[in-house]
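Please look through the sequence and the structure shown here before reading the report.

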Amino acid sequence: MNRDRPTPLSDPKAMRALAHPARLAILTRLQIEGSATATEVAEVVGVTPSAASYHLRMLAKYGFVEDAPPRGDGRERLWQARDRGMAVNPEPGDEPEVRAAKDLLIRTIRADADGEATRALSQRDREAVEWREAAVWSRSILLLDAEELRTLGRRIEELIAPYRIVERGREGVSTGARVAEAQINLFPRADRPAHGLPTEDHESSRGQAREHGG
């Protein structure tokens with residue numbers, strides 16, 4: 001399926017609404033597993049059903065989720081993630097309020113991503129051999145110009161696109177398929193401030209602290 005590029009978020013209220021760990025987790029749950037009730041997402045996210053209902057209404061207010069077709073007798077309200085792509089791109093001309101909202105949302109997403117990676121690493125020994133061997137934990141220091149970095153990002157996105165869960169769906173996927181995650185960061189490294197050499201007095205005090213169990 002060919003889909004337009006994700007729409008950049010620009011509404012600071014919408015971004016602040018999404019920049020909440022529980023709401024981000026609820027949205028991810030709906031994207032991965034499909035429609036659910038407030039009680040069902042509450043069990044996964046770890047909040048009360050009433051809190052989940054509130055978070056879902058806030059997500060719906062800004063267009064991230066919507067009502068889903070009913071099931072069974074239709075008594076329960078079902079929610080689903082809206083079929084939309086999202087991107088958060090800080091721009092030089094952003095107003096301060098917009099930039100602050102983007103920074104907040106990016107930090108929230110990064111914290112959530114770090115949590116997923118940490119959980120996966122902590123459980124890697126429990127994975128089947130084929131999944132341990134297929135996983136990639138890589139960090140590379142690159143040397144390239146801005147256009148090459150941009151091109152690299154586009155090429156990576158093109159490789160990943162066919163496997164995105166919102167694009168691929170469940171039909172026609174092998175029985176051994178499971179939800180996986182790709183985390184990609186391409187950025188120019190910022191200069192690290194020089195810490196300077198510690199003085200001999202500083203090293204001596206550290207050694208004395210170790211001797212005394214400090």
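The report below covers confidence, the packing of helices and the aromatic side chains.

## Confidence of the model

This is a predicted model, and the chain averages a pLDDT of 88, with 91% of the residues scoring at least 70. Within the chain, confidence is highest in helix H4, at 97, and lowest in helix H9 (residues 200-211), where the mean is 59.

## Helix H2 against helix H4

Helix H2, which spans residues 21-33, packs against helix H4, residues 49-61, at an angle of about 80 degrees, and their axes are 10 Å apart. Because angles of 65 to 115 degrees count as roughly perpendicular, H2 is described as roughly perpendicular to H4.

On the H2 side the contact involves Ala22, Arg23, Ile26, Leu27 and Leu30, which meet Ala52, Tyr54, His55, Leu56, Met58 and Leu59 of H4. Sorted by class, this contact has nine nonpolar residues, one polar and one charged.

## Helix H3 against helix H4

Helix H3 (residues 38-45) also packs with H4, here at an angle of about 105 degrees and with the axes 8 Å apart; the two helices are therefore roughly perpendicular to each other. Ala38, Thr39, Val41 and Ala42 of H3 make this contact with Pro49, Ala52, Ser53 and Leu56 of H4. The residues of the contact comprise six nonpolar and two polar, with no charged residue.

## Aromatic side chains

How many aromatic pairs does the count give? With ring centres required to lie within 6.5 Å, the count comes to zero aromatic pairs. Trp131 does, however, have Arg178 over the face of its ring, at 4.8 Å from the ring centre.

Note on methods:
Residues numbered from 1 in each chain as written. Heavy atoms only, no water. Axes fitted to C-alpha atoms, helices over the stretch in contact; angles between N-to-C directions. Helix = DSSP H or I, 4+ residues; strand = E, 2+ residues; numbered from the N terminus. Parallel < 35°, antiparallel > 145°, perpendicular 65-115°, else oblique. Contact = heavy atoms within 4.5 Å. Nonpolar A, V, L, I, M, F, W, Y, C, P; charged D, E, K, R; others polar. pLDDT = per-residue confidence, 0-100. Phe/Tyr/Trp six-rings, centres within 6.5 Å; stacked < 30°, edge-to-face > 60°. Lys NZ or Arg CZ within 6 Å of the ring centre and 35° of its normal.
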